2 protein chains.
Amino acid sequence: MVEPANHRSAHRVVIVGGGFAGLYAAKELGRAPVQVTLIDKRNFHLFQPLLYQVATGTLSPADISSPLRGILSNNRNTQVLMEEVIDLDPERQQVILHQGTLEYDSLIIATGVSHHYFGNDHWQPTAPGLKTVEDALEMRRRIFIAFEAAEKEPDPEKRKAWLTFVIVGGGPTGVELAGAIAELARNTLKRDFRNINTTETQILLLEGLDRILPPYPPELSAKAAEALTDLGVTVRTKTMVTNIDNDVVTARHGDHEEHIAARTVLWAAGVKASVMGKVLEQRTGAQLDRVGRVIVEPDLSLAGYPNIFVIGDLAHYAHQHDKPLPGVAPVAVQQGQYVAKLLKSRLQGKSLAPFRYDDAGSLAVIGQNKAVVMLRSLKLWGPIAWFIWVFAHIYYLIEYDNKLIVMLQWGWNYFTRHRGARLITGEASLGKLEAKTEENYSGSSSNQSPVEV
Amino acid sequence: MVEPANHRSAHRVVIVGGGFAGLYAAKELGRAPVQVTLIDKRNFHLFQPLLYQVATGTLSPADISSPLRGILSNNRNTQVLMEEVIDLDPERQQVILHQGTLEYDSLIIATGVSHHYFGNDHWQPTAPGLKTVEDALEMRRRIFIAFEAAEKEPDPEKRKAWLTFVIVGGGPTGVELAGAIAELARNTLKRDFRNINTTETQILLLEGLDRILPPYPPELSAKAAEALTDLGVTVRTKTMVTNIDNDVVTARHGDHEEHIAARTVLWAAGVKASVMGKVLEQRTGAQLDRVGRVIVEPDLSLAGYPNIFVIGDLAHYAHQHDKPLPGVAPVAVQQGQYVAKLLKSRLQGKSLAPFRYDDAGSLAVIGQNKAVVMLRSLKLWGPIAWFIWVFAHIYYLIEYDNKLIVMLQWGWNYFTRHRGARLITGEASLGKLEAKTEENYSGSSSNQSPVEV
């Protein structure tokens, strides 16, 4: 079981990270005369744009994940390694793994970003973010536990806190989460409980800037806010979260400070670069921006290191506009493909023009028949935008796996408003519920069930 | 938010456990003039017969689970409570919950069984069983981690141990797991690795009795063993596991003792009754059998307690044959429906004949086109049996949810031999892999990747 002999002396490309950027770089190199190693901590690629649908019980993790080995199995020049890169030696051209080291001729770093609590990392246990499958399952657990706990809670104040969801951050993820939880409470769960009325659920979306979806045109931000309000979401802009503690969110709007009793707080506010940014800074002197992203050259390489590239969310690319490109999947895909093409050109002794992002548009979904879409200069909202969103996602999903299943799941949900994946899982899932429910309801000696209130 | 007034004085039925037995009792009582409370630790019903397909990466947990509230939402006389019963007071007719108590007029206990290690509970961490969604995800994690670790392991002996899977117990679960892992190794993963040949994977199925699938006719046991052998599974009968330690399984066959180096050991050997059996013994003097199941009267009630019933896997019902009914879904379904009908008859002042199990047959699947089926006196195997197995499962699944998805997933897998859900998830999934891989592979300064061997 050794590599084919003709690859022995081939140009060795090491790709770190199997997200959109790394995966599309690997795919593009699949037929090139190079030896590719793709390293990822996980054994699967995650279609992150739909992670909020796992968090809210519509899809299962496997519906939006594909095993990296499976995607790349036909690329015989490519090896997938489930490992983590912990350091880098650019002089020896080696990445340092947990177990052993790996040499490269060209190195592509695409390790992305994680949550950022703006110096309040102690908020994390109370207000989880949404980046991994485990994050999504934890959000799902909390959301559905909240309704179960409310059903059992006799005290009206406490019940209200269980039925209050605060989402911090009005970007696409926050908007999508708020919309999905609203649909859950208003439609899916409406007939499932006996002691609570889930349509009274309060969902607050807090955004620090003056409108939600700030990168979109103001017109679409307004349409999105309107659609959310229709669904029963309370949208608060110019509102900063100043504390999260003891199931109370403290928010400031101008001089006004508010305390919101909420048992479920979801974080969709900020990102910070993966630790690979720091490693690159230390080992190559790379410049980092405010959130730790690596400032790259026009060809996505590092200054002084033409064989090291940083792509995807971890890259700060500001050569096209006055501000860096956004951390979205299409940028990552195009950067991955660009670097792969650049390497192929170099091997042929050719050069390639600097990277340019071809911005086909942006999409954000609020709920069924509710989305906002910006296609080049075209602004759309409502059912048409929603259908564009659906088909754009299916197109990307279908490209590399049997994600026909997702389309059928959506089709089914569309007509039934059903959500099949609302499982509370994880060890001691009940124990955790109890730990959070401080007070027992009293023993009943009457004719009624003790959970009636 | 109170119960409708007409239920206030209704006969109160408390059902403990939302498996097949408890759920079908609740469904049957949906239109009856009673007040039903279904208590389960989990918020979903699990279609356990397909759990092995989650453990082996074909289906997602949500594909074989349905939220209990969703299934019962149209039964307005029914309340679902996510809780755990920890004790019972038969004199006051109360169940004691973690939080509070609940009164009943009739009580139905259907809390099932868990794994049994025959006095060797310390084997559990090494050899997990398959009863819950978490169990299945843990098995899945171990199975796919094993291939990842083998791919990185330079030592041939250690690599072989990673590629050796021992399944203890030749009942339906053991047979299904062995067949599914064999198909995984021989088909699904065949082209995914570069350093290992997954078709060399060793799968051993160990059974203490003289044939696998002991409750089936010998002819079908032989057909199943043949089909497994065709798939590359080594079937060892009359083989007792005497120790599991340090990644070595010690097995005895007559006087011969064997040590099998295997990193993955899966337990499918024995069950023991849920703790509710012990509670019933203490509080009502109920008789338990050898594995803790509760011996019930011909109408599934407890001797001396005509308003307490035990059904499903927890019940030991020996009034029909000389041996107790098997712990399979059809028995549980029929017992649940029987008790519900009995309660309805009683409320009308009528009686009902003792419970009788209508045994339509048994099915066990080995792999694609490979199954054994016993339909009353008809014995079938091969593709016909497999199609019967598929349609029987789809029929049950579809009855209460959108499990059309499962059919489509299977249809897709059938033609592509693809398995979409082979995700390694769980916190520190990589960390655990490393903890299990004792030795690092050495750093490489050669031209080769360090994981080539």
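**Notes on the helices of chain B**

1. Helix α4 of chain B is largely enclosed by the rest of the structure, because 17 of its 20 residues are buried (buried: 20 or more other C-beta atoms within 10 Å of the residue's own, with C-beta atoms placed from the backbone). Helices here are DSSP runs of H or I with at least four residues, and strands are E runs of at least two, numbered from the N terminus.

2. A word on the source: this is a predicted model, where local features need pLDDT of at least 70 and side-chain atom pairs count only at pLDDT 80 or more, while totals for chains, interfaces and linings use all residues. Residues are numbered from 1 along each chain as its sequence is written, and chains are lettered from A in the order in which they are written.

3. Back to α4(B), residues 133–152: its end C-alpha atoms sit 29 Å apart, which agrees with the 28 Å it should span at 1.5 Å a residue (expected span: 1.5 Å times one less than the number of residues).

4. Now α7(B), residues 218–230: its 13 residues reach 18 Å from first C-alpha to last, close to the 18 Å expected. Its buried residues are B:Leu220, B:Ser221, B:Lys223, B:Ala224, B:Ala225, B:Ala227 and B:Leu228. Just after this helix, B:Gly232 has a positive phi of about 95°.

Technical notes: Buried ≥ 20, exposed ≤ 12 C-beta atoms within 10 Å, placed from the backbone.
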